[in-house]
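The sequence and structure come first.

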Amino acid sequence: MGDPAEADAETADVRPSTPSLGSKQGVAVRRVRKAYEQVADQLRELVMTGELTPGQRLPSESVLATDFGVSRATIREALRVLAAQSLIRTSKGATGGSFVTLPTVDYISSFVHANVNLLTETKLVTLEELLEARELVEVPAARLAAVRRTDEDVERLRATVPDEAQRLDTSEEFTHNAEFHSCMLDASRNTLLTVSAQPIFSVLQTNLARSTLGRQFHRAIHAHHLKILDAVEAGDPDGAETEMRDHLEFLRPWYEKAWKRAASGRARK
């Protein structure tokens, strides 16, 4: 069969022999994908179909290179792609190797959060779009939570609302706020809603947290959260939906002020 490295190099470097076909004769020419991309695609499919299960150890690089008919360098690059996507983890040592894993909700949310934040900073996503997206996701989530919540969910939600006797600083208040919304999303039992809402909420929360907000504001937040919680605990989806929508509408002018203040600060720099 020849040297796998040579075969791999040929596969990776394939280009259309007549690149002018597309422009001159209307023939669509598709570029051949690089070898490591094809290997990564096949391994990813095996993970997604369950043929490779979480925790399973992959064969060594040399075995994979032989199986795929490519070089070890190509296998190494394919494994780096899968590791970046949290589909495998690699450890060293006698018991080391590459092991199948799956990306967690937190990992995906963090990834989306970083990119949403980048889009916001570059002004490709507006405050209005963020607020609309949050309403479209969190209002239905509150409704679902009222239908699907467990007693444990109710306890977790109640624990996020501070007692009025507690004296919390701004950072602690926002931590409780974030935990309430996170628990509400968990109670909806819809992973995609959680993945969608968490990054949007985090970006908005970060900007609002930079503002100077007094105790009256936080007391209002607590009151809103308790109303949402009461509706969820009562199994009242219509009430939970209404209370969550009212809560987000209450927050809108505060976000707008924080956004303007942040924009003004950036303009002065």
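This is a predicted model: local features need pLDDT of at least 70, side-chain atom pairs count only at pLDDT 80 or more; totals for chains, interfaces and linings use all residues.

Residues are numbered from 1 along each chain as its sequence is written, and side-chain values use heavy atoms, with hydrogens and water left out.

**Overall make-up**

- The chain has 12 helices and 2 strands; helices (H or I, at least four residues) and strands (E, at least two) are DSSP runs, numbered from the N terminus.
- Along the sequence the pattern is α-α-α-α-α-β-β-α-α-α-α-α-α-α.
- Of the 269 residues, 35% count as buried, where buried means under 20% relative accessible area, exposed over 50%, and partly exposed in between (1.4 Å probe, protein chains only).
- Among contacts (heavy atoms within 4.5 Å) with a separation of 6 or more, 71% join residues 24 or more positions apart.
- The accessible surface is about 15,600 Å², and 53% of it belongs to carbon and sulfur atoms; areas come from the Shrake-Rupley method with a 1.4 Å probe, and for residues only the protein chains shown count as cover.

**Cavities**

- A cavity is a set of points, on a 1 Å grid over the protein atoms alone, where a 1.4 Å probe fits but cannot get out; lining residues have an atom within 4 Å of a point.
- Grid points are joined across faces, edges and corners, and a volume is the space filled by probe spheres set on the points.
- The count comes to 2 cavities of 30 Å³ or more.
- The largest cavity holds about 70 Å³ of space, and its lining consists of T160, P162, E173, F174, H176, N177, F217, H218, I221, H222 and H225.
- Two or more residues of that lining come from each of α9 (170–187) and α11 (215–233), and α11 gives the most, with 5 residues.
- By class, the lining of the largest cavity has 4 nonpolar, 6 polar and 1 charged residues; Ala, Val, Leu, Ile, Met, Phe, Trp, Tyr, Cys and Pro count as nonpolar, Asp, Glu, Lys and Arg as charged, and the others, Gly among them, as polar.
- The second largest cavity holds about 60 Å³ and is lined by L131, R134, E135, L248 and R252.
- At least two residues of this second lining come from each of α7 (127–148) and α12 (237–268), with the largest share, 3 residues, from α7.
- The lining of the second largest cavity has 2 nonpolar, no polar and 3 charged residues.

**Helix α8**

- In α8 (residues 151–159), D153, V154 and L157 are buried.
- These three cover an arc of only 100 degrees around the axis, which puts them on the same side of α8; the arc is that of the directions from the helix axis to the C-beta atoms.
- D151, E152, E155 and A159 are exposed on the other side of α8.
- Cover for the buried residues of α8 includes α7, α9 and α11.

- H224, found in helix α11, is buried with a relative accessible area of 19%.
- Leaving aside neighbours within four places in sequence, H224 is in contact with D246, H247 and F250.
- Q198 lies in helix α10 (residues 191–209) and is buried with a relative accessible area of 18%.
- With neighbours within four places in sequence left aside, Q198 is in contact with S109, S182 and L185.

Methods: On a 1 Å grid over the protein atoms alone, a cavity is a set of points where a 1.4 Å probe fits but cannot get out, and a pocket is an open set with protein on both sides within 12 Å along at least five of seven lines; lining residues have an atom within 4 Å of a point.
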